[in-house]
Amino acid sequence: MLKILVEKKYIYKAGLNIKCFGSSAVVVPTLFKTRLADLREFRLFTLNFGPQHPAAHGVLRLILTLDGENIISADSHIGLLHRGTEKLMEYRTYLAGLPYLDRLDYVSMLSQEYALICAIESSNQLVCPKRLQYWRVISLELTRLLNHLMAVTTHALDVGALTPFLYGFEEREKIMEFYERLSGARMHAAWMRPGGVSQDIMLGFADDVYTFCMQFINRIDEIEELLSSNRIWKQRLVDVGVITYEQALNWGASGPILRSVGCSWDLRYTQPTDVYSELVFSIPTGSRGDCFERYLIRMYEMRESVSIIFQCLELLGKEDVQYLVDDTKTINSKQKMYGSMEELITHFKAYQEGFSLPAGLTYSATEAPKGEFGVLLYSDGSNKPYRCKLKTPGFTHLQMLPVFSVGHMIADVSTIIGTLDIVFGEVDR
Amino acid sequence: MLTFIFWVITQVFLFLSSIISVLIGVAYFTLAERKVMAMMQRRIGPNCVGYWGAFQPLADGLKLVVKQFIIPNKVQTALFTFAPVYTLTLAFSAWSVIPYASGVVIANIDLGVIYLLAISTLSVYGLILAGWSSNSKYAFLGSLRAAAQMISYDVSLGLILLSIIIFVGSGNLTEIVFVQESLWFVVPFWPLALMFFISGLAETNRAPFDLTEAEAELVAGYNVEYSGVGFAMFFIAEYTNMLLMSLYFSLLFLGGWGFFSYVAIDSDSIVLFFILGLKTVFVAFCFVWVRATLPRYRYDQLMVLGWKVFLPLALSSFMFFTMVSVVGNLLF
């Protein structure tokens, strides 16, 4: 950053010198000379972008150094939403720590729960019933729709297109109602459990998901009609926020940002969990690594998610009905505890003490809509994690902001923040 | 003497009634904007205050008037309070040359078009003063953008208007309307009309050229530090200018109050007002329509569009009209 700054100053000085003292024959009056000397001290414009800025997507505090409208440096200050999630999880049983993950990235809740569940399941060698695996995948893909709708439409709002936002949020509302029918909560579902889910799927839910998906493609088309071929939208996005393949790898990018540079890395495909290996889906990748491609990738991923949901719904019809795992280690049936004292005691102990993980280190990552979301659990064999570390994509992507934005104009910063798709719940944790 | 006093009273009455009608128009234009955008975005819009939200603008206005007018520390108080007043005054004074029908005009001057151009150029100062006196970085950036943008688009707007003045041979708006009795200018001069409309969007700082108050970049731009009445004045001025631009467009290109000899263009029929009103509402609707559809331009793209596209086009049209007029004078 410093280098760029120094170079720019140098260029300005040189420019002034050539302009004013280019010809040695010109006699410069003393007064004029001193004023020129003052002029040479360029003061850059420092702008405090946030934390209450409307385009900051939460509580991003960004110190921008501007030269006119051009960005010289962008310095993001994080931590305004720090809630100590990792530490809090160390003081709770594994299951009691689960709801914290909903509250990290509060637009893709289930994807994060799923990462913790994967870590526990792989550590305890639990296998979820096939039928529920399909439902988990459906819920994960609905979450992807939820997130990408938010990402793309608020991105459009940052660029100045007002209407896609409202189209998108109507669909988000429908998906949130699905969340409510799955778990009882609109946002913070806490629905997944090791080896299953917290409650069974309601009757008629599959029909409604099908109906929703049938009309959802049209809604995506409507949003694309407003944006994809719009010349102003293209002018604002094409060749803005470009990164190279090497940069993306070096900074640890994942998700749509990594795919936009041409790397077809998708954990659903490379390290499939549950029934993902049985499903057919394509991974859109870009080649230029600019904001427009990331937008296109997100739109395409939504279409792919809908296709995955359709596949799951179709395969579900071929599965035998199988209920939740009845395992004291993970979850107890609530039905029995109302009828028998012993069952009540078992249930109480199961929830009070929780279950333990074998001592050792587990890392499990899932393809959250924003990128790779990982949970690292270091267990000492007790019922609580000795150390819990969360790898969040937003944190990794936010640190790339200077790489993206230096050299662009101030209006591009909001475009870039939009394309990074950051949520401060997960950045600050 | 008595006639003079009577004349003054008539003029004051005319001007006041004009201002009040403009204010009511602005109030319901804000409601129309919210309702139209709501319909375009599949939502309902304001519907609680009065039937169909009919009293929403009044409630909003009342709220702004009742709110405290905060003057932040380290603000140039005099300029800070003067800027909104200045902007609103200019916005209203532009209406004095607008004819609503044949002879229904406060000041029927021959240079009406030039007068309007001068007013719109002057109104840049209001924005600059507001941004500069606010002692706020966002406001400062917003006012810089406003100055650059309005000056750039004033140039092409002026050239477009000059082309029409040369064609008509007069800068009087009533005469411009009379010339269009048989053929609206939008038909032969549609490129000019299109450019005028787009320049009008830029001139009134509307989407997709609302860079001066781009929410995603500059929070609220030049009026970020204003609250209460100060903000209300800027807001009213902006919407007044928008209505003025719509009316101006209908006068220049849509034949004003004429409608295919449906009513004689110089009669005093009340239908003429409705014809002009409908045309104005249509253009104002287009302003809202554009806002609901398009993303915002970036600052440099706006400048490129203004100087590299609009200016050459407007300049060439101006030269074309000048040549036609000169050659026509020589031949006939």
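Predicted model: local features only at pLDDT ≥ 70, side-chain atom pairs only at ≥ 80, totals over all residues.
Ala, Val, Leu, Ile, Met, Phe, Trp, Tyr, Cys and Pro count as nonpolar, Asp, Glu, Lys and Arg as charged, the others, Gly among them, as polar.

I noted 28 lining residues, with G25(B), L243(B), L247(B), G277(B) and T280(B) nearest the centre. Helix 1 (2–40), helix 9 (228–252) and helix 10 (271–293) of chain B each give two or more residues. Helix 1 of chain B gives the most, eleven. Helices are DSSP runs (H or I, at least four residues), numbered from the N terminus. A pocket is an open set of points on a 1 Å grid over the protein atoms alone, where a 1.4 Å probe fits, with protein on both sides within 12 Å along at least five of seven lines; lining residues have an atom within 4 Å of a point.

Next I turned to chain A. Helix 6 (residues 130–159) of chain A and helix 7 (residues 163–183) of chain A pack at about 155°, axes 9 Å apart. Axes are lines fitted to C-alpha atoms over the stretch in contact, and angles run from 0 to 180 degrees between N-to-C directions. That makes the two helices roughly antiparallel (over 145 degrees). The contact residues divide into 15 nonpolar, five polar and two charged.

Residues are numbered from 1 along each chain as its sequence is written, and chains are lettered from A and ligands numbered from 1 in the order written. Local features need pLDDT of at least 70, side-chain atom pairs count only at pLDDT 80 or more, totals for chains, interfaces and linings use all residues, and side-chain values use heavy atoms, without hydrogens and water.

Definitions and conventions
Parallel < 35°, antiparallel > 145°, perpendicular 65-115°, else oblique.
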